Amino acid sequence: MKINRVLRRAIVVLAAGIAASCPAQSGGWVPLINQPTFHAGTMFLLTDGRVLVNEVDATGFGTKHWWTLSPNSAGSYINGTWRQVADSIDDRLYFGSGVFADGRVIVSGGEYSTSGSETNHSEIYDPVGNFWTSVPPPAGWANIGDAPSVILSDGRFFVGSIFTNQTAIYDPTLGSWSAGPNKLNTRSSEETWTLLPDNTVLTWDCFGHPASQKYAPTIGSWVTCGNTPVGSDLVLSNSFETGAGILLPNGSVFCMGGPPVSALYTPPPNPLLPGTWTAGPVPPLVGGQTVGQEDGPSAILPNGNVLVSLGPVVPGGGTYGGPSYMFEYDGVNLVRATDPPPPTPIRANYFARMLVLPTGEILFDNSETNLYVYTNLPPPNAAYKPTVLSYPTYVEKGLPYGVKGYQFNGVSNGSSYGDEVNNATNYPLVRLNEILTRPVYYCRTFGHSTMGVQTGTNSVSTNFVVPRTVPAGKKQLHVVANGVPSDPVSVYVLDTSGVLSFGVDQGTLVSGTVSDLKASDNSYVIVNSGHGIAQLTLKGFVPTTYVIGTLGVDFEGGVNTSGVTQTLEFYNWVTNTYETIDTRAATLFDLNLNLFGSSPVSRFIDPSSREVVARVTYLAGFNFQARIDRFVWLTGP
């Protein structure tokens, strides 16, 4: 409720005399070795494994400054490093947000901003280009503020109005807003929105509690979900505040209340039906004091438990007390867990943020300069693992590849807070590591086929780009969702060496130079055949840094008519003859091929100069035109 939030930036409540009442659970807290030089606020997991963090001032007010935390070579965020990235256009505190399927991040509105209270300004961060782009508000919307939001399963951004029952949907592909369906209550202010496995979006009404409802995309409207259980009203009556909603692996949602209560929502088989509510556990007293989640974070753990941050509350709410106390929901009870050490916990709980890391650990900040990781976790439940079914055997640095399988988006939304913070992590990351050593490399993922959750045995996919810093050689590839990795599959990372020269042996060169062969960019070397033959010889040199065990080419090209045969040969320096590597029908479109010579490949490499030579021949009983878009040598140890 707005009347009390103006005081938030100055509220810091000390916890003297309040002691933990229960023993620690499975996890402990480890401080970052390299703590930030700034106060850390809202956090997002980028699809390249970095954590994007908004800098706040000492009172917790948002700034335009943003930073990234990158894991070290062993994949550790505790030993990670910080780097400042581009400033946003506006500052904002308490806002809607989400990570798109293309990896960009949207931040929308802001309860507080120097651009205006309850601002309607939005913008999108591009982590590849490192820049922010302004997004106009939905038509007719003067305010967005701290509106609830969620990324729908189809990848669009769904946001509610804090003053009316309107909603709006932003399409990142079209770059525009459209009107969404009106809610059943008067306004969306203070609500928590949670995406469900049936693609609906659950919320319990803060204005109109204890009622609840969900958005059903199949009919484009909201439908009632009934009232939360008697005695389990999740909303504080004075402040209208509530807590986080975490999707559990069994398909139900663990909903933490602003009051010291919780509830569980179980979706029905038919998404248009209400579903069922049951009462959840009541958090135990801490030092004789009641605790709830009058704004505060929760996050899923790899074993399916939920880490919950609670703070002191009084009946009705509106006090926004501190410090933060940690609990684990184990599926039955809320059990007291260890707290991060001072000074982090002394602030009120609404300052707190949680983020699920790809390691399964939980990153926690409290708008301070001290960040902690919840670690020493149990191993992930095997049933939650993504399954990789289709993947490339050979990959080049800097190029995109696709990977397909099951459950790439995980079994939970991951992180939740409410209308203030929307940093769900239900999207796939791709991680490479050496077979016998520890270096870990995150590949940037994009183009996820779905942004849904608990996709089960439905085939899903994503794309990834191998960083140029990855050394050549055999690697293990994992798809990771909410900190749970798939079983590894083996891929081979290849070095690339461009063609240094080429010659036309048969036919006539129409256009093109060596530079046109470096990239797949529709910039071609084009040859007209003579007497039904077009033949090119392409030369290059391979690295001397290791003994080469793999030699091939990335070859993309085609012809202008059907009925042409394409043959690739490598020169054998032992026999002084060409050796056929591949023969097939040439295509009218630009067919991309990775073609490799058989072992031992040393016969294709001049032992003195390291020169390699390939010959491409197009043959038909008539004249035609051949084109090569890309021709690059591929090598690996």
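A search of the whole structure turns up 0 disulfides, taking a disulfide as a pair of cysteine sulfur atoms within 2.5 Å. Cysteine 206 is in none; its nearest cysteine sulfur belongs to cysteine 255, 11 Å away. Cysteine 225 is in none either, and there the nearest cysteine sulfur, again that of cysteine 255, is 10 Å away.

Some ground rules. This is a predicted model, where local features need pLDDT of at least 70 and side-chain atom pairs count only at pLDDT 80 or more, while totals for chains, interfaces and linings use all residues. Residues are numbered from 1 along each chain as its sequence is written, and side-chain values use heavy atoms, with hydrogens and water left out.

Back to the cysteines. Are they buried or exposed? Cysteine 206 is buried, with a relative accessible area of 0%. Cysteine 225 is buried too, at 3%. The scale runs like this: buried is under 20% relative accessible area, exposed is over 50%, and partly exposed is in between, with a 1.4 Å probe and protein chains only.

Next, the rings. Rings of Phe, Tyr and Trp (for Trp, the six-membered ring) pair if their centres lie within 6.5 Å; planes under 30 degrees apart are stacked, over 60 edge-to-face, and the rest tilted. How many aromatic pairs does that rule give? The count is 32. Take tyrosine 125 and tryptophan 132. Their ring centres are 4.9 Å apart and their planes stand at 40°, so this pair is tilted. Tyrosine 125 is buried, with a relative accessible area of 0%. Tryptophan 132 is buried as well, at 10%. Elsewhere, ring pairs join Phe555, Phe570, Phe604, Phe631 and Trp633 into a cluster.

Rings also meet charges. The test for a charge over a ring is NZ of Lys or CZ of Arg within 6 Å of the ring centre and within 35 degrees of the ring normal. Lysine 183 lies over the face of tryptophan 222, 5.1 Å from the ring centre. Arginine 627 has its charged end over the ring of tyrosine 524, at 5.9 Å from the centre.

Lysine 183 comes back under salt bridges. The rule here is a side-chain nitrogen of Lys or Arg within 4 Å of a carboxyl oxygen of Asp or Glu. The structure holds 18 of them. In one, lysine 183 meets aspartate 205, at 3.9 Å from N to O. Which parts of the chain does this pair link? Distant ones: lysine 183 is in the loop between strand S13 (176-179) and strand S14 (194-195), and aspartate 205 is in the loop between strand S15 (201-204) and strand S16 (211-216), 22 residues apart. Strands (E, at least two residues) and helices (H or I, at least four) are DSSP runs, numbered from the N terminus. Lysine 183 and aspartate 205 are both buried.

Two more bridges. Arginine 50 pairs with aspartate 48, the closest N and O atoms being 2.9 Å apart. Both of these residues are buried. Arginine 92 pairs with aspartate 90, with 3.9 Å between the closest N and O atoms. Arginine 92 is buried, at 2% relative accessible area. Aspartate 90 also counts as buried, at 14%. Asp90, Arg92 and Glu123 are linked in a salt-bridge network.

Now the neighbours of S8. Strands pair if DSSP finds at least two bridges between them. S7 (residues 105-108) pairs with S8 in the antiparallel sense over 4 bridges. In S8, glutamate 123 is the bridge partner of valine 107. S8 and S9 (residues 131-135) also run antiparallel, joined by 5 bridges. There, isoleucine 124 has threonine 133 in S9 as its bridge partner. The hairpin of S8 and S9 has 4 residues between the strands, and in it asparagine 130 takes a positive phi near 60°.

Last stop, glycine 226. This residue is found in strand S17 (residues 221-227). Glycine 226 is partly exposed, with a relative accessible area of 27%. What does glycine 226 touch? Leaving out residues up to four places away in sequence, glycine 226 touches Pro210, Ala211, Ser212 and Trp277, where contact means heavy atoms within 4.5 Å.
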